[in-house]
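Thanks for coming. I will walk through one structure, starting with its surface. Please look at the sequence and the model first.

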Amino acid sequence: MRILTQKEIVEKDFNTKLRGYNPQEVDEFLDLVIQDYKSYQDEIEDLKEQVENLVEELDASSKQSEVRAQNQNVNQSSVTNFDILKRLSNLERHVFGSKLEDSEAVE
């Protein structure tokens, strides 16, 4: 499929014959075609720009989601680490605390 440019449409010459088309009518029609063609090209450019903007927004949103997920994982692991340390501390107090109390009582 060949895509014509506005310039090609404007510069197109038609051969005339004895009973050919009226050149003025052809020119007027081609002017309408050129206007339609330009409006479609403008719309295509606008849509391409919108697609680029949406892709950029999607990328930014994806990055934000990844950061949120990473932060959530860090927070969860921090809570988990904190819980483990707290349990360890309680166990140490329970195991070693009674030994410390016994050794203090002996002294």
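In which helix does Glu 56 lie? Glu 56 lies in helix H2, which covers residues 23-106. Helices here are DSSP runs of H or I with at least four residues, strands are runs of E with at least two, and both are numbered from the N terminus.

Before going on, this is a predicted model: local features need pLDDT of at least 70, side-chain atom pairs count only at pLDDT 80 or more, and totals for chains, interfaces and linings use all residues. Residues are numbered from 1 along each chain as its sequence is written, and side-chain values use heavy atoms, with hydrogens and water left out.

The protein has 2 helices and 0 strands. Of its 107 residues, 5% are buried. Buried means under 20% relative accessible area, exposed means over 50%, and partly exposed is in between, with a 1.4 Å probe and protein chains only.

Back to Glu 56, which is exposed at 53% relative accessible area. Glu 56 belongs to a surface patch of negative charge, together with Glu 43, Glu 45, Asp 46, Glu 49, Glu 52, Glu 57 and Asp 59. Patch residues have over 30% relative accessible area and no salt bridge; like charges are joined within 9 Å, and nonpolar side chains (Val, Leu, Ile, Met, Phe, Trp, Tyr) within 5 Å. Asp and Glu count as negative, Lys and Arg as positive, and His and the chain ends are not counted. A charge is placed at NZ of Lys, CZ of Arg, CG of Asp or CD of Glu.

Helix H2 also holds Ile 84, which is partly exposed at 47%. Ile 84, Leu 85 and Leu 88 make a nonpolar surface patch.

How many salt bridges does the structure hold? There is 1, where a salt bridge puts a side-chain nitrogen of Lys or Arg within 4 Å of a carboxyl oxygen of Asp or Glu. Lys 38 and Asp 42 form a salt bridge at 3.0 Å, N to O. Both lie in helix H2, 4 residues apart, about one turn of the helix.

How values were computed:
Areas by Shrake-Rupley, 256 points an atom, 1.4 Å probe, with all protein chains shown as cover.
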